[in-house]
Structure formats: C-alpha cells, structure tokens
Amino acid sequence: MEPATVDATLRSQAGVICRRQVRAAGLDDNDIERFVRRRLWAVVHPGVYVDHTGPTSWLQRAWAALLALEPAVLAGPSALRVHGLPAGGETAPGCEGRDGVVHVAVDRDRHVKAPPGVVVVRRAGLARRSQAHHSPPRLRLEEALVDVADDAVRDVDAVAVIAAACQQGLTTPTRLLATVRSRQRLKRRRLLLELLGEAATGVRSVLERRYLREVERPHGLPIGRRQRRLRTRTGSAYRDVEYSEQCAVIELDGRLVHRTADARWRDLERDVESAVVGDVTVRLGWVHLADPCRTAAAIVSLLRSRGWTGTGTACSPSCPLGTAVGTTPNRRGTPERGGSPAPGAGDPPR
C-alpha cells in the first residue's frame, strides 16, 4: 500500500488512525515518532493517534476508542448518536451529553481494559448484533435502544427513548419487540414487553391495567367506569375510563408512532362531542403511565376542579400528592383546602 493511504484513512476516520493501519500503509514506527515529534499527530491512546494537537471532538474520541479496542463497535448512547437519534447524546433523559463518555461493545469473551473516558460493555453474539460495515461501526439500532432503555434512571425515561425512535420512523415496535424477546437479562424486560407488545398489536388492555393498578387505586382516586359504549354522530365508541359524576373521560393510547390523519380526526370529533355535552377528555400514553404519581396528581386536580370532594392519597413519602393533597385552585385562582376547619378558626382575634 502507498503512503497516500494514510491520508485516506485519516479522512475516513475523522482524523484518527492506529499503528496497525500506519504499518499497513507502508510506514513504520519511526515515521509515527517523527509525526508526533513535529506535532503533526498527537497520541490519544497507546498506539492510536489524531492528526492535530488541539482538543479532540466527540467523533474523534469515538474512533480512538474503537481503534484502541478493536474489534469493537459503538454501543448505548454512543450508538444512538451515530444512528442519527438526538437521544443518543443531546436531549434524552439518562443519556450523556455531547461531551460525555464513549460507550463501546466488545465480544463477551474478551477481557480488555477500558481507556480513560470509555465505557466497555460485553455482548454475546456481537457480530450478529452489530453493523460493523458502517462508519463508525455500531450496534444495531434496536440493540442500542434496548440497552439505553434498560439502563435509564426512570421508567419514564425508558419509554421516552423508545417512543422517540419509533416516532421518527427509525425503527418499529415490532422490531424492538423481537430484540427484547431475544434478550433474557434485562432489568426492565417486563415493562418493555408490555410497552412494545401493546404498541405492536394496538391492544390497550395493558395500559388500562397499569392505569388502574398504578394510578387510580394506590392514589385513592374514585373508581372509573370502564369501556362504556356510547353512540356518536359517526357511530359507536367506547370510553376507556369515565368519571361520570365529574364529567371527565380518560382515553388511553398505547401507540408509540403517530396515528393516521383519519384516526386523529376521529379522536378530535369524539372529544368535541364530549365537550359539547360538558365532558372533558384527557388522553394519556405510556410516557404518562411510566410516571404514575405525577399523573395521579394531575388527575386529582382535574377531578377536584369538577366537583370531586376527595383528596387523593400519597402512595409514598416522595409522591407529589403528599404535598398537594386537598389543594386545588378555585375559579378565581385562590387555593381551596379540603377537610374541616381547625377548631376556633372562625373566632375573632383577641
């Protein structure tokens, strides 16, 4: 190979190259030492170099990690980033920012030491889970998404990163479901199976159960009426949860991708028909059910504003209802508190 191959390799790898590639191009260690001595190159990791001496970009650090640990591929948030998903390093909760560490996957049987600023994960069957022909090499999108969702700090963050990928059309719930089913050791396997199974089939039963078990019951909400059939101008419809006395309706939607225009129009027409008769409709999805306490606090406020005299129940010391219980703004914006006044509260001051 001609020395010019060094320049081509540097261009294809964001200005990063390793000793093996330099030697394959016909140069030797003396040439590398000369480039470093003249400050044309700088050492990133032992045996890995970048073609300048200034600060390295995230992409250059990613290439340096891959070359230092080769064969390896980008994993987790790093893989999502190069797949084009903003959640890979910019906005997704629980993911590192643009200047965060680089996540790299190697085969399960390898024992390697992670260079500074690099997190190494081991994967069985890495070859079939990866796209080594891409530049830079990375885990398949579905594999990286499942990893990031499983490692998220909160359930709501796990749902958010999955939903973002599906809504952008980068993958589908069906493909993600197949990936989860192939992975036995996942902390959130049950949540992901429920989330993706419902989204793939359009069945709402799982989301309805979660609303009943994690929002309504543990937070002391009134028991809603389920799947009440009603006739509309366009035919029959079913309300997922109806609080008849408060004229409030909860609609649960487990889809992770945008609905068709016709479906959205049907939702709008049904909501308008409900509003005409005095009912208010609230639509909840997986991102809301993944944070049941916050959702319960919002529903309590809604029901109290429409005549419910209950207060709700905090399910734990950290539950938002623990500080907001019994308080709701009236129509003039003045807080009203539930319960009886304290003895002597109405006595004139002495």
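Which residues do ring pairs link into a cluster? Here are some friendly notes on that and a few other spots; please keep in mind that this is a predicted model.

1. The cluster first: F35, W41 and Y49 are joined by ring pairs. The count of aromatic pairs comes to 2. One of them is F35 with W41, a tilted pair with 4.6 Å from centre to centre and 50° between the planes. Both F35 and W41 are buried.

2. W58 itself is among the buried residues of helix 4.

3. That brings us to helix 4, which covers residues 58-69. From first C-alpha to last, its 12 residues reach 17 Å, close to the 16 Å expected at 1.5 Å a residue. Helix 4 is mostly covered, with 9 of its 12 residues buried. Besides W58, the buried set includes Q60, the run from A62 through W63, A64, A65 and L66 to L67, and also L69.

4. Finally, R210 belongs to helix 11, residues 205-216. Is R210 buried or exposed? R210 is buried, because its relative accessible area of 10% falls under the 20% cut-off. Leaving out residues up to four places away in sequence, R210 touches L191, E194, V215, W286 and L289.

Technical notes
Residues are numbered from 1 along each chain as its sequence is written. This is a predicted model: local features need pLDDT of at least 70, side-chain atom pairs count only at pLDDT 80 or more; totals for chains, interfaces and linings use all residues. Side-chain values use heavy atoms; hydrogens and water are left out. Helices (H or I, at least four residues) and strands (E, at least two) are DSSP runs, numbered from the N terminus. The expected span of a helix is 1.5 Å times one less than its number of residues. Buried means under 20% relative accessible area, exposed over 50%, partly exposed in between (1.4 Å probe, protein chains only). Contact means heavy atoms within 4.5 Å. Rings of Phe, Tyr and Trp (its six-membered ring) pair if their centres lie within 6.5 Å; planes under 30 degrees apart count as stacked, over 60 as edge-to-face and the rest as tilted.
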